[in-house]
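Please keep the sequence and structure in view while reading.

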Amino acid sequence: MKIVIQIIKAFFVCLMSLISFIYPYKLSSKIKECKNYLYSFWIKRFLGCVGHGSRVSYPCILQGGGNKNIRIGHNTSIQGHVVLGCWTQYGDNQFFNPSIIIGSHCNIGEYNQITACNGITIGDGLLTGRFVYIGDNSHGGLTREEAPIPPVKRKLFSKGEIRIGNNVWIGDKVTILAGVTIGDNVIIGANSVVTHDLPNNCVAAGVPARVLKKL
Amino acid sequence: MKIVIQIIKAFFVCLMSLISFIYPYKLSSKIKECKNYLYSFWIKRFLGCVGHGSRVSYPCILQGGGNKNIRIGHNTSIQGHVVLGCWTQYGDNQFFNPSIIIGSHCNIGEYNQITACNGITIGDGLLTGRFVYIGDNSHGGLTREEAPIPPVKRKLFSKGEIRIGNNVWIGDKVTILAGVTIGDNVIIGANSVVTHDLPNNCVAAGVPARVLKKL
Amino acid sequence: MKIVIQIIKAFFVCLMSLISFIYPYKLSSKIKECKNYLYSFWIKRFLGCVGHGSRVSYPCILQGGGNKNIRIGHNTSIQGHVVLGCWTQYGDNQFFNPSIIIGSHCNIGEYNQITACNGITIGDGLLTGRFVYIGDNSHGGLTREEAPIPPVKRKLFSKGEIRIGNNVWIGDKVTILAGVTIGDNVIIGANSVVTHDLPNNCVAAGVPARVLKKL
């Protein structure tokens, strides 16, 4: 019995080795790239405006119904598994006119989520890590009256728009909350939570994020 | 040569535009929804008890063998890529009788992980962001004796059950550790680590999480 | 009309119940395991050296071109969706000779990212949670001169190698930055950011991580 299993194992090792010659990793990468290239042309049709040379990788999840209010500049790359939510309607009786504007030469990392019911404006040259959340809305306004309501049923509330300047670098797993303005050339350390404005030319980090260094 | 590439490109742009009419984003969403609807009926059969109107999206990863100890209330939605781990056995000689009880009208976000070897009880109306971890167990008890053992081989240890009240809102990337009781109507800020109890009607955040505001 | 929908619903409930007998969750797990087993043999062929008994789950994303500089010990398990980046070239004019060495009996969690342009050395028995980032490089050196350059176009810079000892346990969503040495038997709490060295036999946590307890 043991010998039979050994033989089956050896067979599969040989088989997969053979396949690795016919179908090397580089080829699988190329195929993935082509798939994303084609996917880009498809998904772009549902967004407001996407500049030339911009790529949206598979899968991009669009939420909230306001896809046409999402505008992306030139040569920007949106990695896979990104959620873009532009909420024109929430529940039955809340209506918004939000916009998500992403500049040129940006690189939005995998598993990011950008969600707006007010407005998010991102400059040129943004680089984000993975698992970043940028959202201008919250479920309710943190009041005593809303506390006993299930969060999903609280009214969507935005403290203010989010504005991100040019050449900003946002680390992995950063969270950026409503009403925040981030200046140009800012670097935000991994795992930070940005709750207040950050000036130009600084390095910030922490929960909540504080300026650590002026450049 | 360049002209040929240009023509091929143009052809694919036209092709994908055509496909975008035949197969619009809304249709792809609807199909995904139907798939999740069917998947729900399949995966529910392996859980202990799931109330009416509750949805479990694809894929839901079940770990630890104690699926039948997982109970979910009515109209609760478990998003995609959620890991539910109920560990009845760990290694060869550790046996547990854990339970995961999730109330009604909850919304468990994508990529969450809920893992128990003791007990996790969640009330009604919970809303969680993405990448949340709720786990009542750790690999070993942080003692000198266990330190030189590889963490995977340390005994699974639970400091205590986790209890989460009603109408709690947990932000993105929050981690909730063993032995913690969270009251009703609590809001936990993004990227927080909850290591101690939180009272009713409060906003908490930080690493470790502290009460920032009483509602 | 309503009755028709009810009948269709009932039909699908019956159908999925039937499927759950023919194709139970355990079978779906086994098939996934087999797929990962075969995938391991394929992907290993593109890495430098992988010890016996080590498993690399689907999908493993290889970046940076230096796959052959990645070495993995025996009985190590790399979970799904892990990114391994060994950057031999960045942009047009930056060349590196990095290495990623992972010891034996390690368990690298889902959605982890290990990225090197210098060197990352991991001992035996490492256990990591999900969404962990271990990276020895940054986009630029945080200087005033580089600030106005888009982060992606800044030169890749490494403050130093990362060294991780034996029997280290890294919690969910931890970020480990360049130039850090972590001792043996260290436990790093969830959501921490490790920016400085950690000695042997300690528990550390926080943003940035500080030693909380000596074992």
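The crossing of α1(A) and α2(C) is right-handed, a crossing being called left-handed if the near helix is turned anticlockwise from the far one by less than a right angle, and right-handed if clockwise. This is a predicted model, in which local features need pLDDT of at least 70 and side-chain atom pairs count only at pLDDT 80 or more, while totals for chains, interfaces and linings use all residues. Residues are numbered from 1 along each chain as its sequence is written, and chains are lettered from A and ligands numbered from 1 in the order in which they are written.

**Helix packing between chains**

- Helix α1 (residues 2-22) of chain A packs with α2(C) at an angle of about 50°, their axes being 8 Å apart; axes are lines fitted to C-alpha atoms, for helices over the stretch in contact, and angles run from 0 to 180 degrees between N-to-C directions.
- The helices α1(A) and α2(C) are therefore oblique to each other, where angles under 35 degrees count as roughly parallel, over 145 as roughly antiparallel, 65 to 115 as roughly perpendicular and the rest as oblique.
- On α1(A), the residues A:Phe12, A:Val13, A:Met16, A:Ser17, A:Ile19 and A:Ser20 meet C:Leu38, C:Phe41 and C:Trp42 of α2(C), with contact meaning that the C-beta atoms of two residues, placed from the backbone, lie within 7 Å.
- This contact of α1(A) with α2(C) divides into seven nonpolar, two polar and no charged residues; Ala, Val, Leu, Ile, Met, Phe, Trp, Tyr, Cys and Pro count as nonpolar, Asp, Glu, Lys and Arg as charged, and the others, Gly among them, as polar.
- Helix α2 (residues 25-44) of chain A and helix α1 (residues 2-22) of chain B have axes that come within 8 Å and cross at roughly 50°, which makes α2(A) oblique to α1(B).
- The crossing of α2(A) and α1(B) is right-handed, and the contact draws on A:Leu38, A:Phe41 and A:Trp42 from α2(A) and on B:Phe12, B:Val13, B:Met16, B:Ser17, B:Ile19 and B:Ser20 from α1(B).

**Interfaces of chain C**

- Towards chain A, the contact takes 24 residues from chain C and 28 residues from chain A, and helix α2 (residues 25-44) of chain C gives the most to the chain C side, with three residues.
- The side of chain C that touches chain A comprises 16 nonpolar, five polar and three charged residues.
- Towards chain B, 28 residues of chain C are in contact with 24 residues of chain B, and helix α1 (residues 2-22) of chain C gives the most to the chain C side, with six residues.
- The side of chain C that touches chain B has 13 nonpolar, 11 polar and four charged residues.

**Relation of the copies**

**A parallel sheet in chain B**

- Six strands of chain B form an open sheet in the order β1-β4-β9-β12-β17-β20, with parallel pairing; two strands pair if DSSP finds at least two bridges between them.
- The edge strands are β1 (49-50) and β20 (181-182) of chain B, each pairing on one side only.

Definitions and conventions: Helices (H or I, at least four residues) and strands (E, at least two) are DSSP runs, numbered from the N terminus.
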